[in-house]
Amino acid sequence: MNDADDDIPSATRSEPGEVGLVEPRDFITTEPFTFDNGQTTPGFTLRYETYGRPNAARDNAILIFHALSGDHHCAGIHSLNDRKPGWWNNLIGPGKAVDTNKFFVLCSNVIGGCQGSSGPSSIDPRTGKPYGITFPSVTIRDMVRTQKLWLDSIGITSIYAAIGGSMGGMQVLQWSIEYPSFVKRALAMATTAREGAQAIAFNEVGRQAILQDPEWNHGYYPKSGGPRVGLAIARMMAHITYLSDASMDRKFGRKAVAAHRKPSPASDVSELSMEGIDPVAPAATFDVRFEVESYLRYQGQSFINRFDANSYLYITRALDQFDLAATHGSLEAAFAEVQAATLVIGFTSDWLFPPDQNRDIALALLRAGKRVSYAELSTDLGHDSFLLESPQLYDLVRGFLN
Amino acid sequence: MSKHTHIKRSVDMQIIADWIEPGSRVLDLGCGRGVLLDYLVQTKQIHAVGVDLDFDKISACVRRGLTAYQGDMMSLMRALPENHFDRVICSRTLEELPDPGAIIEQALRIGKTVTVGFVNHGYWKNRAAAFFLGRKPRNAVYTTAWFESRPTNPASIADFEDFCALRQLKIARHAHLSGDWKSRNSLLPNLLAGYALYDLTR
């Protein structure tokens, strides 16, 4: 409202650049770490990347948190042959919304994961074998506490901003609750302070797909083996929840796979079909017919090549159990000590963590008397909207950081 | 923003600022791009919260370093406890609301004082537009043609004071500005004042 108001138009921007070649590093500690559930590991590893440089006062650190299947590689490329840059490359870089000319950007992957940080597929130094499901159950708070130990070790004593979407948003909230004086700004998007029944239900179906796969074998499987079918199905289903009806319809509609080629061993279709998923496929009737099927199979297939099934179980459990209201008595009580200026962003078509769940976070912070803004972006791209290119989102993030 | 509008705007903002206790907690209903809140933060160090429906306006508030909530003002107020704010401001928003009475009552629940500022629809130029021309008024506030503008529910000073009496709302203070919006007006305000500001309490 207030149409008469005016605003200084944002200054013309220089063309944003790229972070370029980056290399992951490992934070390794041999100090025993006690998880929320009381179990201990003899130390742990967190893999991380950094972009930009710390300033003299070391007060320009921005911590980025990834979602369920993400990792530490959020910007730049690992080699010149990389086809894809880090997962939030559109947001992070010189001159971009999270400007690496100004900020020292850090991102680790989470404990319990499988992309270089300690998790079920890591070797337990006490036995010389992979932890498997002897790895302690992991909570969002465990993720945050390990990150704090890592930041302490590299001499970062305050965070200019904590930024994350989805599970990353949960970590943002947990950070500002756990270390209130540490976090100056908190930006949580497409997230929730407690999942709804629907999100838990989806995660449970994914877990069951893994648990019911005979290859899961109670969590003990060789490095390259395991419940590949179950994990691929879990991923296929989860992937649907990240999109929206409208975005899938636009991308695939009912488009048939090119000419519905005769199945030949060398065809793309059979490459996309999951290894071992249909050795006794009942003839051609259930071959891939629609592009959306082919796409989902591809997503499932590529996921099993980079993700560990036990990690998937652990991390979805951590998501489901995250419940700030229950842990602290109420959401307002959870936020009682928060000092960070917070920005919460919801996306209209997100049906996994819908706008109202994001709104609830903002309202509770308001009731707790905190500095909080809430913005809602109109998108039809579903939960994954927070990852996609959006000048409106970039302007908002840039405005919040500057 | 034209220079003319700017001067009008700043007089309006100064009066609101004069009424505000430094350091108080303030909610601005229909905060727009945060011009008023920004001014109040600068001059009175208030703890400001704005609410508006529009994403780009919230984004502009965030850019100014203000906290602002995108959403429906009624839903926001219902989600907040009594006396959460020292003051709720409803400036140049009233005439855009379908149910201003309910909004003011809700504002008086969550705020100790409610500041209402609105264009006096009884101002003689507005009357003249209707009476002599048979037209919707066009002036510094009603700037747009009927088919594109938003002010849908204009009220006059007399209307507003009737409403306050009916609902037994206390008028703690008021300011009526003349048509140029620079000077105060105390003579026949419903006819001669262009703009009105009120502080209401329960």
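**Close-up views of a predicted two-chain model**

**View 1. Helix 12 of chain A against helix 3 of chain B.** In this predicted model, the axes of helix 12 (residues 391–401) of chain A and helix 3 (residues 55–63) of chain B cross at roughly 25° and come within 7 Å. Axes are lines fitted to C-alpha atoms, for helices over the stretch in contact, with angles from 0 to 180 degrees between N-to-C directions. Helices (H or I, at least four residues) and strands (E, at least two) are DSSP runs, numbered from the N terminus. Helix 12 of chain A is therefore roughly parallel to helix 3 of chain B; angles under 35 degrees count as roughly parallel, over 145 as roughly antiparallel, 65 to 115 as roughly perpendicular and the rest as oblique. On the chain A side, the contact (heavy atoms within 4.5 Å) is made by A:Gln392, A:Asp395, A:Leu396, A:Gly399 and A:Phe400. Their partners in helix 3 of chain B are B:Phe55, B:Asp56, B:Ser59, B:Val62 and B:Arg63.

**View 2. Helix 3 and helix 8 of chain A.** Helix 3 (residues 197–211) and helix 8 (residues 309–321) of chain A have axes 10 Å apart and pack at an angle of about 160°. The two helices of chain A are therefore roughly antiparallel to each other. Helix 3 of chain A contributes residues including A:Ile200, A:Asn203 and A:Arg207, which meet residues of helix 8 of chain A, among them A:Tyr312, A:Leu313 and A:Thr316.

**View 3. Helix 5 of chain B and its cover.** Eight of the eleven residues of helix 5 (residues 100–110) of chain B are buried, that is, under 20% relative accessible area, with exposed over 50% and partly exposed in between (1.4 Å probe, protein chains only). Among the buried ones are B:Ile103, B:Ile104, B:Leu108 and B:Ile110. Their cover includes strand 4 (85–91), strand 5 (111–119) and helix 7 (157–166) of chain B.

**View 4. Cysteines of chain B.** B:Cys61 is in no disulfide, and the nearest cysteine sulfur, in B:Cys31, lies 3.9 Å away. B:Cys61 is buried, at 0% relative accessibility. The sulfur of B:Cys90 is too far for a bond, at 12 Å from the closest cysteine sulfur, in B:Cys164. B:Cys90 is also buried, at 1% relative accessibility.

**Notes to all views.** Residues are numbered from 1 along each chain as its sequence is written, and chains are lettered from A in the order in which they are written. Local features need pLDDT of at least 70, and side-chain atom pairs count only at pLDDT 80 or more, while side-chain values use heavy atoms, without hydrogens and water.

Conventions:
A disulfide is a pair of cysteine sulfur atoms within 2.5 Å.
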